[in-house]
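Reader: I am new to this structure and would like to learn how to read its helices. Could you take me through them step by step?

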Amino acid sequence: MAAAGATAGSAPAGPGGAGAVPQVPPRPLDPIDRSIMRLLQADGRASIRSVAEQVHVSRANAYARINRLMDDGVIRGFTARINHERAGQGASAYITLKIVQNSWRTVREKLSELPGAAHIALVSGDFDVLLLVHTPDNRTLRELVLTRLQSIPEVLSTRTLLVFEETDLLAPGPSAGAPAIAEE
């Protein structure tokens with residue numbers, strides 16, 4: 001999708017995130033915008049021409065819409081979806097953390113430095129933080145939890161949930177929610 005001028009690793013916009021932008025009300029998205037987003041989620045490398053053909057608009061219209069979605073912060077960037085097992089990261093886990101009140105920003109910074117950290121979320125409920133990690137094996141996972149995580153002073157407790165199997169809902173291929181993008 002380089003044709004649209006996007007770069008991988010673009011800083012996320014939003015409150016508190018790196019590269020935060022002033023909050024403006026979201027612009028309403030029409031069915032064509034939503035179709036474009038589904039297509040790009042399935043294949044971020046799809047050409048403008050391919051996207052335009054599949055949503056039945058001109059290339060210029062598709063290009064303008066994608067740029068608007070990027071400028072509005074709806075599309076934050078393009079990335080590759082990784083098969084972690086094939087990439088030597090065969091152990092995955094969701095780790096729940098209870099943290100000291102008002103320490104979220106400090107904890108988030110420390111968690112983002114952990115090797116294998118893939119997703120960090122401040123959540124409500126019985127725990128405060130949900131962390132997804134990918135490691136080469138269970139021994140490395142155990143070391144990460146027992147040594148790295150539990151040594152963070154603001155972390156009061158952790159619970160590790162091993163991932164046995166994952167289903168990528170954004171995987172390319174025929175499905176009701178995201179039509180496959182044809183190769184050019």
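Author: Let us begin with packing, where contact means heavy atoms within 4.5 Å: the buried residues of α5 pack against β1 (91-99), β3 (129-135) and β4 (155-162). Helices (H or I, at least four residues) and strands (E, at least two) are DSSP runs, numbered from the N terminus. This is a predicted model, in which local features need pLDDT of at least 70, side-chain atom pairs count only at pLDDT 80 or more, and totals for chains, interfaces and linings use all residues. Residues are numbered from 1 along each chain as its sequence is written, and side-chain values use heavy atoms, with hydrogens and water left out.

Reader: Which are the buried residues of helix α5?

Author: In general, an α-helix has 3.6 residues a turn, so residues three or four places apart point the same way. In helix α5 (residues 138-148), the buried residues (under 20% relative accessible area, where exposed is over 50% and partly exposed in between, with a 1.4 Å probe and protein chains only) are Leu141, Leu144 and Val145. They cover an arc of only 90 degrees around the axis, taken from the directions from the helix axis to the C-beta atoms, and are therefore on the same side of α5.

Reader: What is found at the start of α5?

Author: There, a side-chain oxygen of aspartate 137 reaches to within 3.3 Å of the backbone nitrogen of arginine 139.

Reader: Where is serine 35 found, and is serine 35 buried or partly exposed?

Author: Serine 35 belongs to helix α1 (residues 31-42) and is partly exposed, its relative accessible area being 22%. The C-alpha atoms of serine 35 and glutamine 54 are separated by 8.7 Å, although these residues are 19 residues apart along the chain.

Technical notes. Polar contact = N/O pair within 3.5 Å; in protein donor to acceptor, adjacent residues only side chain to side chain.
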